[in-house]
Amino acid sequence: LSDPSVPPSGVSCSGCGAEMQCGDSGAPGFVPAEKYRSLVSEGPAGLRGAVCQRCWALAHHGSALRLRLPPDEHRRVVSAALRRPPRHGRGPLLLYVLDVTELPDPVLPQLPALLAPDVPAAGVLVVGNKVDLLPADCRGHLGRLRQRVAAACALAGLRGDALVDIRLVSAKTGYGMEGLVSRLQRSWKCAGDVYLLGATNSGKSTLFNALLRSDYCKSRAPDIIDRATVSPWPGTTLNLLKFPIINPTCDRIFRRQERLKEEAAKTEDELSSEEKKYLNQLKKQGYLVGEVGRTFQQQKSNAEIDFDPDMLSYSMDEDPRDTSMKHEEREEFTHNEVKDARWCFDTPGIVKEDCVLNLLTEKEVKLVLPSHAIVPRTFILKPGMVLFLAALGRIDYLEGEKPAWFSVLASNVLPVHVTTLSNADTIYEKHAAQEFLKVPMGGEERMKEFPPLVPQDITLKGIGTTEAVADIKLSSAGWVAVTAHAEEELLLRAYTPKGTALVVREPPLLPYISTIRGARIPGTPAYRTKKPPSFVENLRTMGSG
């Protein structure tokens with residue numbers, strides 16, 4: 001497939017920004033040699049607008065070919081970019097994207113090191129992403145979630161003037177995105193460049209794409225930027241995606257506010273059938289839904305994207321390149337449009353160490369990462385009972401006087417099985433990597449290379465029957481909120497694969513989650529599940545006015 005004798009093209013992949021090449025199948029920008037030669041033979045237009053094998057695989061098969069860019073290299077590359085001399089006399093604003101389900105964010109403590117004294121950054125705006133996945137366990141749950149993010153920032157040493165703000169959003173469903181754009185335009189205006197930072201799988205690229213389609217981006221840019229323009233990263237073939245930031249003049253701010261007011265006055269019934277259809281799709285995906293609009297340009301109707309936007313948020317042709325017709329019609333920025341432009345840059349995701357996702361295949365990762373609103377699954381366990389989350393985590397209830405409630409928050413497709421302590425080892429040995437426990441997959445051969453589950457003993461003291469005392473976070477596979485009678489002492493033993501992080505999160509992320517349940521299913525330890533309704537922001541509810 002590869003041909004090391006062919007030099008790199010000098011042309012960037014329009015999906016990820018890497019330089020396209022056919023010499024190394026494990027490196028960014030790879031195109032199979034035969035396809036590469038065919039594109040080159042078409043002349044200058046051949047490679048323009050084409051995408052590399054990895055981007056094509058993401059779009060059409062939801063899979064990513066593994067790239068060799070180790071954590072140290074990620075950090076070195078990001079750090080080098082931030083140390084560039086400030087343009088326009090001002091250091092960049094850093095937008096740090098964290099996945100709220102992953103709190104405490106494992107990469108956040110690395111930020112102060114990236115922001116060494118020789119980094120001229122103007123501050124960090126922390127964006128808590130994926131809030132759409134979490135059910136509201138009580139009124140005001142978002143305020144409490146914001147406090148949890150603030151506490152994680154303080155623990156990582158990010159406080160005072162360095163922390164500009166904390167915003168909660170869903171880049172996927174659009175919730176909170178208009179508020180984020182307004183905040184950026186109000187406080188940062190067009191003062192300097194903006195860099196997006198964050199861990200892998202935090203939804204950072206989805207946020208970049210949402211901003212690209214919003215009022216934050218120059219109005220002609222989404223059409224001209226074939227998916228993004230690029231600047232080379234120092235010392236690596238991986239490139240940096242970017243778009244030009246619009247200058248928020250008084251007139252533009254006024255027109256934008258008028259559009260937002262007009263949209264907020266609408267009810268759901270007043271939406272077009274297309275808008276309703278799109279809204280209903282988003283409601284299935286998340287508990288919190290919004291819409292990212294554009295004030296300064298008519299939105300073109302986009303073809304439906306039939307793959308997960310968290311994997312890649314751009315649609316692509318069936319063949320990994322655009323037609324020649326499109327290349328001929330493609331517009332370009334004029335020199336005057338970009339000579340003084342401030343840019344919003346995406347950066348490579350920082351790989352989380354000690355993370356179970358690093359042990360999984362792309363197919364397994366897709367099952368483990370929640371793509372839809374998480375429906376809590378609650379079980380009542382007595383001492384001597386065991387709960388499995390797929391074959392990735394296990395919790396044994398060893399000692400306690402009374403039953404306790406265990407609420408699982410994980411991808412809805414990951415199976416949960418409850419058994420007895422005497423049967424647990426047999427179930428794991430028999431069903432790990434089989435359909436019954438689902439992940440990992442691949443049978444006995446897969447388990448030969450998969451690390452064994454290792455235990456950690458945990459002692460908890462109950463608060464009451466409606467409030468969880470702690471979350472047991474099984475690396476990035478999900479977590480279990482434990483609710484017990486007041487003053488009741490529990491001895492638990494939790495397991496995750498060797499080399500992955502098991503975290504006891506106190507206080508829990510959603511303390512009242514065990515109350516979001518239906519009736520007990522007779523003869524089982526399980527309760528019927530209950531899915532809270534979705535909330536749409538920026539739409540008037542019927543009866544209000």
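Ala, Val, Leu, Ile, Met, Phe, Trp, Tyr, Cys and Pro count here as nonpolar, Asp, Glu, Lys and Arg as charged, and the others, Gly among them, as polar. This is a predicted model, in which local features need pLDDT of at least 70 and side-chain atom pairs count only at pLDDT 80 or more, while totals for chains, interfaces and linings use all residues. Residues are numbered from 1 along each chain as its sequence is written, and side-chain values use heavy atoms, with hydrogens and water left out.

Begin by selecting Thr 101, Glu 102, Pro 370, Ser 476 and Gly 478, which lie nearest the centre of the largest cavity among its 20 lining residues. A cavity is a set of points on a 1 Å grid over the protein atoms alone where a 1.4 Å probe fits but cannot get out, and lining residues have an atom within 4 Å of a point. By class, this lining has 10 nonpolar, five polar and five charged residues. Because domain 2 (71-264 + 336-353) and domain 3 (361-531), with bounds from an automatic or database domain assignment, both give residues to the lining, the largest cavity lies between them.

Next, select Arg 394 and Asp 396, whose side chains meet in a salt bridge (2.8 Å, N to O), that is, a side-chain nitrogen of Lys or Arg within 4 Å of a carboxyl oxygen of Asp or Glu. Arg 394 is buried at 7% relative accessibility, and Asp 396 is buried at 2%, where buried means under 20% relative accessible area with a 1.4 Å probe and protein chains only, exposed over 50%, and partly exposed in between.

Finally, select Glu 178, Asp 215, Arg 256, Arg 259 and Glu 263, which are linked in a network of salt bridges.

Technical notes: 1 Å grid on protein atoms, 1.4 Å probe; cavity = no way out; pocket = protein on both sides within 12 Å on 5 of 7 lines; lining within 4 Å.
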